[in-house]
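Work through these exercises with the model open beside you. Try each task before reading its solution.

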Amino acid sequence: MITIRKGEDRGYSDLGWLDSLHTFSFAGYHDPAQMGFRALRVINEDRVEPGQGFGAHPHMDMEILSYVLDGGLEHKDSLGTGAVLRPGELQRMSAGTGVIHSEFNASDKERVHFYQIWIYPDRKGLTPEYEQKAFPPEERRGRLRLLASPDGRDGSLRIHQDTRLYGALLEPGQELVHPLAPHRHAWLQVVRGTLSLNGHDLEKGDGAAVSDETALTLKAREDAEILLFDLD
């Protein structure tokens, strides 16, 4: 079963400095039918104006991932971390027992465009952690590159949940097949471009919840970038 969440149907908020699209209920956007999928709780597509950002604020018991598409995202937290996230880089912060962090546009001239993703951890009370890694385009071109996993295998970031996140860059006509083990589920997020998922046409901003399928067949109609979550 494949349930498509069209990008145009996402929640929307414009705070002046922040332009945000919400796949699932978040902040002032609430839809009882869109409260997440499996361990996925938040998928926000954010654009932050130059020099602006999210001031210091706390989180607990959540795996928070940030994936930059354009620009630079400056991160600081109560663990002492200070870093700038660039396109193709993935950041993982395990909030655990509590962490305070801020995220700002690293540029005073250009907007930063990124995805913010929240995943429920497999248990509460974890020690807070931070991790960041670059995944160059050549590692994602024409293949599903593992970006995050429970065991950190193949150079992926380690998340505290039975979830595997893959990223891929596809050229027109390219096809990928991802087997889905019994009782597993998936969420596909189209970051850029257009493609088909098991014959269903998807475009930029669309998401798709997948259950009771044996495999996902992805075929790009134009240059496309995707994030694929393999979920318990």
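The exercises below go from the whole chain to single side chains, and they use a predicted model.

**Exercise 1. The whole chain**

Task: State how many helices and strands the protein chain has, and decide how compact it is for its length.

Solution: 
- Step 1. Count the elements. The protein chain has 1 helix and 22 strands.
- Step 2. Compare the radius of gyration with the globule rule. The chain's value is 17 Å, close to the 17 Å that the rule gives for 232 residues, so the chain is as compact as a globular protein of that length.
- Step 3. Check the box. Along the principal axes, the C-alpha atoms fill roughly 45 × 40 × 40 Å.
- Step 4. Look at burial. Of the 232 residues, 54% count as buried.
- Step 5. Look at contact range. Take the contacts between residues at least 6 apart in sequence: 70% of them join residues at least 24 apart.

**Exercise 2. Strand β15**

Task: Find which strands β15 is joined to by bridges, and decide whether β15 is enclosed or open.

Solution: 
- Step 1. Start with β13 (residues 145–149). It runs antiparallel to β15, and 3 bridges join the two. Arginine 145 stands opposite glycine 167 in β15.
- Step 2. Go on to β22 (residues 224–231). This strand is also antiparallel to β15, with 8 bridges between them. Leucine 169 has glutamate 225 of β22 as its bridge partner.
- Step 3. In β15 (residues 163–170), 7 of the 8 residues are buried, so the strand is largely enclosed by the rest of the structure.

**Exercise 3. Salt bridges across the sequence**

Task: The structure holds 19 salt bridges. Take the pairs lysine 204 with glutamate 45 and glutamate 131 with arginine 92, and work out which partner is buried in each.

Solution: 
- Step 1. Lysine 204 and glutamate 45 have their closest N and O atoms 3.9 Å apart. Lysine 204 is in the loop between β19 and β20, glutamate 45 is in strand β4, and 159 residues separate them.
- Step 2. Lysine 204 is partly exposed at 42%. Glutamate 45, at 1%, is buried.
- Step 3. Glutamate 131 and arginine 92 meet at 2.6 Å, N to O. The pair links strands β12 and β9, 39 residues apart.
- Step 4. Glutamate 131 is partly exposed at 24%. Arginine 92 is buried at 4%.
- Step 5. Finish with a network. Salt bridges link Asp162, Arg164, Arg184, Asp230 and Asp232.

Notes. Residues numbered from 1 in each chain as written. Predicted model: local features only at pLDDT ≥ 70, side-chain atom pairs only at ≥ 80, totals over all residues. Heavy atoms only, no water. Buried < 20%, exposed > 50% of the residue type's maximum accessible area, 1.4 Å probe, protein only. Helix = DSSP H or I, 4+ residues; strand = E, 2+ residues; numbered from the N terminus. Pairing = 2+ DSSP bridges. Rg over C-alpha atoms; globule rule 2.2 N^0.38 Å. Contact = heavy atoms within 4.5 Å. Salt bridge = Lys/Arg side-chain N within 4 Å of Asp/Glu carboxyl O.
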